[in-house]
Amino acid sequence: MSVLDIKIYKTAEPKVKPTVEEEASLGFGTTFSDHMFVMEYDSDKGWHDARIVPFGPIPFLPSAAVFHYGAEVFEGLKAYRTADGKVQLFRPEENAQRLYNSAERLCIPAVDPADFLEALNALMEVEKDWVPKSFGTSLYLRPFLFATDPALGLHTIHHAMFVIIASPSGSYYKEGINPVKIMIETQDVRAVRGGTGYAKCGGNYAAANRAGYKAEQKGYTQVLWLDGVHQKYIEEVGAMNVMFKIAGKIVTPDLIGTVLPGITRKSCIELLKEMGYEVEERRISVDEIVEALENGTLEEMWGTGTAAVVSPVGHLAYKDKEYCINNNEIGPVTQKLYDELTGIQWGKKEDTRNWIKTVK
Ligand SMILES: *Cc1c(COP(=O)(O)O)cnc(C)c1O
């Protein structure tokens, strides 16, 4: 029996799904499937009214807390279709736990990880035909949770809503894997110890806008953040964790509360260790990176995240200098990680680590 008692109200007007020819050019996060999952919280009843309803607007009073004080956390994961038609998720229990941890940081009523997974699976059972078929395409799932208390006073949150929407998305690399250009941000900071850096919350992104726009104007894809205290240690890139291969060794910033604990990051570390690489999770100063760039020991750099899986970095700018990495080509370790992870996710490679959860 369902713990949440999810009611299903199907749309009377299903949309036309993209054809296989249209799938590749879907882009990201612009079209949505027919249904969404919704449930509400209040402190008297707990979580209640779990339902799957047609995708559409949700009315709120203009006084709802989320509009004023930004109490919102979210997740991002994908549903993949294998060549034999199965639909599968990649480590969804990690997303469930991370949403729980993010909610705890912002004092938003948390969703129990088991309920998160039940809601996700229920939505996937209804929407599985929306998972595109070509390799590289997926149904992007966006669970989000926010405070709805209809009053401007700042107090404990008593009302919240949890929603999951689904967006069929094209291949991230439809023109092949092109390395990105990254700029090290030297003015704004993203997170400080004790802050919300490790929580996946909308506010972190709002605070990152200014640096992001500045980088975009200068022709860079994203910024690489330095730590908020010394502006000296490497943290992460926009929406990706970051890894370097320096003189044969893999190094990546450790998780000290300011960096988002990426599930792709965690999976890459496990894979790299199995491949026999030495992986160091530690503080990495920007000076160490500049030195490695200048003496030629920085062999590869890449970002990790659900959207791009792994994204090679071809150019890195710091202050007035721009450095080219690995001739602006994807390096062998980056390529190996990409092949291994996408192989598992799209079912081309055997899942020997119990990372895959098949949707009924
Ligand atoms: C989501 C996110 C990541 C990547 O996490 P994955 O679980 O690998 O998708 C990295 N950094 C930030 C800031 C993020 O929001």
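Analyst: One definition is needed at the outset: Ala, Val, Leu, Ile, Met, Phe, Trp, Tyr, Cys and Pro count as nonpolar, Asp, Glu, Lys and Arg as charged, and the others, Gly among them, as polar. The model discussed here is predicted.

User: How do the residues of the shell around the ligand divide by class?

Analyst: The ligand has 15 residues around it, and among those that come nearest are Lys-200 and Glu-236. Tyr-205, Thr-264 and Thr-306 also belong to the nearest group. By class, the shell divides into five nonpolar, six polar and four charged residues.

User: Which residue has a polar side-chain atom 2.6 Å from an oxygen atom of the ligand?

Analyst: Arg-98 has a side-chain N or O atom at 2.8 Å from a ligand oxygen. For Ile-263, a polar backbone atom is 2.8 Å from an oxygen atom of the ligand. The side-chain atom at 2.6 Å belongs to Thr-264.

User: Which of the residues that line the largest pocket are closest to its centre?

Analyst: The lining of the largest pocket comprises 45 residues. By class, these are 17 nonpolar, 20 polar and eight charged. Elements that give two or more residues to this lining include α3 (92-106), α5 (202-217) and β15 (298-305). Closest to the centre of the pocket are Phe-28, Tyr-172, Ala-239, Ala-307 and Ala-308.

User: How many cavities of 30 Å³ or more are there, and what is the volume of the largest cavity?

Analyst: The count comes to four cavities of 30 Å³ or more. The largest cavity has a volume of about 80 Å³.

User: Which element supplies the largest share of the lining of the largest cavity?

Analyst: Residues lining the largest cavity include Leu-77, Lys-78, Tyr-80, Ile-263 and Thr-264. By class, its lining has four nonpolar, five polar and one charged residues. Both β5 (77-81) and α6 (263-274) supply at least two residues of this lining. The largest share, three residues, comes from β5.

Conventions:
Residues are numbered from 1 along each chain as its sequence is written. This is a predicted model: local features need pLDDT of at least 70, side-chain atom pairs count only at pLDDT 80 or more; totals for chains, interfaces and linings use all residues. Side-chain values use heavy atoms; hydrogens and water are left out. A residue is near a molecule or strand if one of its heavy atoms lies within 4 Å of it. A polar contact is a pair of N or O atoms within 3.5 Å; within protein, one must be able to donate a hydrogen and the other to accept it, and residues adjacent in sequence count only if both atoms are side-chain atoms. On a 1 Å grid over the protein atoms alone, a cavity is a set of points where a 1.4 Å probe fits but cannot get out, and a pocket is an open set with protein on both sides within 12 Å along at least five of seven lines; lining residues have an atom within 4 Å of a point. Grid points are joined across faces, edges and corners, and a volume is the space filled by probe spheres set on the points. Helices (H or I, at least four residues) and strands (E, at least two) are DSSP runs, numbered from the N terminus.
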